[in-house]
Each structure stands twice: as structure tokens, then as C-alpha cells.
Amino acid sequence: MTTGINFSTRIGGLPRWVGGLAAFAYPLLLATYALSIDFDRVGNMADVAASILATMLFLVAAPTAWIFTADFIEAGRLLVVVAGLLTSLPLWYLLGSRLAYFSPGWGDWLRRYLVSCVVWTALNVVLLVLVGTVVG
């Protein structure tokens, strides 16, 4: 007689390491786009807006890069980009592996991942707007 009871602690059927590595797609895409903007070029107001947007996108992809805005840290762009990505990618890996743990299939994982990315980006935009209104 089978009762269908499962004593397994694993909920999803996806490998966690694959989900973690797949979660690198969004931050690496944003970082690549942000770094493709030429920050040193002097141009019109559209270039300034693109630089500000690229900076915001990079901070969405690498949230630990905020640490380097402290006054006592003398950091160049290369250090901020490399250290920001090296310290932020493990957070994205943890998100992807945790979603893989709870997802029964890749479609469910992708839906949860896209919702997480949209919510994370929206929260960053709201935070930036709130800081902008408080600062002036």
C-alpha cells in the first residue's frame, strides 16, 4: 500500500547551482549596458542623462557599490566596478539558488526571477526618487 507520503526536504526539482548561475544574467546585462556608456565624453544633455541612467543601472546590478561612496574611500571607477560586482554577484547567486530550491520547473523559476528583478529595480528607483526629493 502506498500513501504518497514524501519525507524529502527538497521542494523543487531544479539544481541550485544552475539556478544560481542563471541568476547572473540580469546583473551582468545591466552592468554591461552601464559600462558601455562613455562617461568621459563631453556632449549634450542626452549624454549626461545616459550617464546618470547608466550609474543607476549599475547600482541596481551591484548594490554593494554604494559602500564606495564613503568619503574616506579613494576609489577609482575600475575598483568600484570590480569590487561592486565581486561583492554583489554572490547575492544574486543566493537569490537564484534559493528560487531554484522552491521552483518545480524552469518556467516557474523564470517567472519568480523576473518578478524579483522587477521588484528590485522598482525599489531602487523609488529609493532614488525619495533620496532626490529629500536632498533637494
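Here are some figure legends for close-up views of this predicted model. Residues are numbered from 1 along each chain as its sequence is written, and side-chain values use heavy atoms, with hydrogens and water left out. Since this is a predicted model, local features need pLDDT of at least 70 and side-chain atom pairs count only at pLDDT 80 or more, while totals for chains, interfaces and linings use all residues.

Figure 1. Read along the sequence, you get the pattern α-α-α-α-α. Helices (H or I, at least four residues) and strands (E, at least two) are DSSP runs, numbered from the N terminus. Of the 136 residues in the chain, 32% are buried. Buried means under 20% relative accessible area, exposed means over 50%, and partly exposed is in between (1.4 Å probe, protein chains only). Now take the contacts between residues at least 6 apart in sequence: 68% of them join residues at least 24 apart. Contact here means heavy atoms within 4.5 Å.

**Figure 2. Helix H2 has a buried face.** This helix covers residues 25-35, and its buried residues are Tyr-26, Pro-27, Leu-30, Ala-31 and Ala-34. Look down the axis of H2 and these buried residues fall within an arc of 125 degrees, so they line one face of the helix. The arc is that of the directions from the helix axis to the C-beta atoms. Over on the other side of H2, Leu-29 and Thr-32 are exposed.

**Figure 3. Ser-36 sits in the loop between H2 and H3.** With a relative accessible area of 51%, Ser-36 is exposed. Its side chain reaches the backbone oxygen of Tyr-33 at 2.6 Å. That is a polar contact, meaning a pair of N or O atoms within 3.5 Å; within protein, one must be able to donate a hydrogen and the other to accept it, and residues adjacent in sequence count only if both atoms are side-chain atoms. Go 15 residues along the sequence and you have the pair Ser-36 and Ser-51, which are 9.9 Å apart in space, C-alpha to C-alpha.

Figure 4. Ile-52 counts as exposed, at 56% relative accessibility. Its C-alpha atom is separated by 9.5 Å from that of Ala-34, 18 residues apart along the chain.

Figure 5. The largest share, 5 residues, comes from H3. By class, the lining has 8 nonpolar, 2 polar and no charged residues. Ala, Val, Leu, Ile, Met, Phe, Trp, Tyr, Cys and Pro count as nonpolar, Asp, Glu, Lys and Arg as charged, and the others, Gly among them, as polar.

**Figure 6. Thr-64 makes polar contacts from a loop.** You'll find Thr-64 in the loop between H3 and helix H4 (77-102). Thr-64 is buried, with a relative accessible area of 16%. Its side chain is joined to that of Thr-87 by a polar contact of 2.4 Å, and to that of Ser-88 by another of 2.7 Å. Not counting residues up to four places away in sequence, Thr-64 touches Ala-83, Gly-84, Thr-87, Ser-88 and Leu-91.

**Figure 7. Tyr-93 and Ser-97 both lie in helix H4.** Tyr-93 counts as partly exposed, at 27% relative accessibility, whereas Ser-97 counts as buried, at 6%. Leaving aside neighbours within four places in sequence, Tyr-93 is in contact with Arg-16, Trp-17, Gly-20, Leu-21 and Phe-24. With that kind of neighbour left out too, Ser-97 touches Arg-16, Gly-19 and Gly-20. The C-alpha atoms of Tyr-93 and Gly-19 are separated by 7.7 Å, at 74 residues apart along the chain.
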